[in-house]
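Q: I have a structure open and want to talk it through. Can we start with the overall picture and then go to single residues?

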Amino acid sequence: MTESRTRIRKAVIPAAGLGTRFLPATKATPKEMLPVVDKPAIQYVVEEAVTAGLSDVLMVTGRNKRPLEDHFDRNYELEEALSRKGDQSRLARVQESSDLATMHYVRQGDPRGLGHAVLCAEPHVGDQPFAVLLGDDLIDPRDPLLQRMVQVQEEYGGSVIALMEVDPAQIGLYGCAAATPTGDDDVVTVSDLVEKPDPADAPSNLAIIGRYVLDPAVFEVLRKTEPGRGNEIQLTDALQALASDSSLGGPVHGVVFKGRRYDTGDRGDYLRAIVRLACEREDLGPDFRTWLRSYVTEEM
């Protein structure tokens with residue numbers, strides 16, 4: 001019988017990056033606030049955490065990230081203006097973001113990598129398991145990846161990472177996992193992790209995507225983790241230590257995800273994500289798909 005484990009309630013969203021791939025748009029606007037159709041990318045991520053039952057959200061921010069806090073706060077002047085106009089539909093959408101979750105913020109004063117950003121969350125998380133969601137990866141709400149990861153962590157303990165099969169030639173763009181099957185078709189035991197390997201040396205084509213459910217033991221490992229690739233403290237390196245020695249804080253498992261993922265960290269994929277999501281919207285999809293077919297046929 002599975003032993004009772006602490007229910008995961010807290011999510012951490014690292015959001016201190018500079019967004020250099022989207023300059024000049026991100027010169028004064030956080031990349032997390034770039035719209036995906038009509039919501040900023042970061043709102044999709046918070047909604048995913050809340051849907052998985054993680055209503056306590058800590059955002060790790062940096063300089064020039066104040067708009068993130070403002071977005072999830074109340075805007076009384078705007079709400080009053082919409083109320084006076086009787087625009088209840090837009091009023092509800094404005095209030096939605098401020099009512100989503102209990103939001104907390106901490107600054108990563110010195111941007112020293114994802115591992116360091118996670119370490120900044122320790123005072124808030126304490127000794128509880130927690131989730132980490134990266135804002136560049138949007139997971140379609142019809143494919144409940146995070147819920148499944150929480151279930152796996154509660155069953156197996158330790159830490160759980162999200163994995164996805166990619167073209168072997170592209171594995172050098174990701175962290176990569178060496179893994180063996182378990183009794184669950186979508187769950188593997190991770191024995192090794194490599195950050196952005198040469199494709200010829202990669203142990204598999206299982207790429208790490210931006211969802212993690214972590215045992216708090218990761219903090220002690222991160223404190224001892226030396227800067228790695230890019231002279232940054234890599235979360236992958238800390239997880240590799242946990243995977244190779246379960247006595248440090250339990251095993252590492254992976255959930256192999258086969259659902260819909262939208263990568264908004266790349267300009268081309270960002271545009272594709274907008275097109276896909278707009279096509280699937282009930283209010284926008286029919287007209288937009290008609291225009292898109294016409295454009296592709298006539299202009300391309």
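Predicted model: local features only at pLDDT ≥ 70, side-chain atom pairs only at ≥ 80, totals over all residues.

Q: OK. How many helices and strands does the protein chain have?
A: The protein chain has 11 helices and 13 strands. Its radius of gyration is 20 Å, close to the 19 Å that the globule rule gives for 300 residues, so the chain is as compact as a globular protein of that length.

Q: And what does the C-alpha trace span along its principal axes?
A: About 60 × 45 × 40 Å.

Q: How much of the chain counts as buried?
A: Of the 300 residues, 47% count as buried. The chain exposes about 15200 Å², and carbon and sulfur atoms supply 48% of that area.

Q: What about contacts between residues at least 6 apart in sequence, what share joins residues at least 24 apart?
A: That share is 76%.

Q: Charges next. How many positive and negative, and how far apart are their mean positions?
A: There are 34 positive and 48 negative charges, and their mean positions are 4 Å apart.

Q: Let's pick a helix. Which residues of α8 are buried?
A: Helix α8 covers residues 217-224, and its buried residues are Ala217, Val218, Phe219, Val221 and Leu222.

Q: What covers them?
A: The cover over the buried residues of α8 includes the helices α5 (114-119), α6 (122-125) and α9 (235-244). It also includes the strands β6 (130-133) and β11 (206-214).

Q: Switching to aromatics. How many aromatic pairs are there?
A: The count comes to four aromatic pairs. One of them is Phe22 with Tyr270, an edge-to-face pair at 5.4 Å centre to centre with 80° between the planes.

Q: Where do Phe22 and Tyr270 lie?
A: Phe22 lies in the loop between β1 (10-14) and β2 (35-36), and Tyr270 lies in helix α10 (residues 267-280), so the pair ties together parts that are 248 residues apart in sequence.

Q: Are those two buried or exposed?
A: Phe22 is buried, and so is Tyr270.

Q: How does accessibility look for Phe288 and Trp291?
A: Phe288 counts as partly exposed at 25% relative accessibility. Trp291 is also partly exposed, with a relative accessible area of 47%.

Q: Which residues form the aromatic cluster with Phe288?
A: Phe288, Trp291 and Tyr295 form one aromatic cluster.

Q: Back to that loop between β1 and β2. What joins Leu23 and Pro24?
A: A cis peptide bond, with omega about 5°. Pro24 lies in the loop between β1 and β2, and Phe22 is placed in that loop too.

Q: Now backbone angles. Which residues have a positive phi without being glycine?
A: Val37 and Asn64 are among them. Val37 has a phi of about 65°, and phi of Asn64 is near 65°.

Q: Where are they, and how exposed?
A: Val37 sits in the loop between β2 and β3 (39-40) and is partly exposed, with a relative accessible area of 24%. Asn64 is in the loop between β4 (56-61) and α2 (66-71) and counts as exposed at 53%.

Q: What about Gly62?
A: Gly62 is also found in the loop between β4 and α2. At 7% relative accessibility, Gly62 counts as buried, because the cut-off for buried is under 20%.

Q: What does Gly62 touch?
A: Not counting residues up to four places away in sequence, Gly62 touches Ala15, Ala16 and Arg107.

Q: And how far is Gly62 from Thr182?
A: C-alpha to C-alpha, they are 40 Å apart in space, and in sequence they are 120 residues apart.

Q: Last one, Glu47. Where is it, and is it buried or exposed?
A: Glu47 is found in helix α1 (residues 41-51). Glu47 is buried, with a relative accessible area of 15%.

Q: Which residues is Glu47 in contact with?
A: Leaving aside neighbours within four places in sequence, Glu47 is in contact with Lys39, Glu96 and Leu100.

Terms used:
Residues numbered from 1 in each chain as written. Heavy atoms only, no water. Buried < 20%, exposed > 50% of the residue type's maximum accessible area, 1.4 Å probe, protein only. Helix = DSSP H or I, 4+ residues; strand = E, 2+ residues; numbered from the N terminus. Contact = heavy atoms within 4.5 Å. Rg over C-alpha atoms; globule rule 2.2 N^0.38 Å. Areas by Shrake-Rupley, 256 points an atom, 1.4 Å probe, with all protein chains shown as cover. Lys, Arg positive; Asp, Glu negative; His and termini not counted. Charge placed at Lys NZ, Arg CZ, Asp CG, Glu CD. Phe/Tyr/Trp six-rings, centres within 6.5 Å; stacked < 30°, edge-to-face > 60°.
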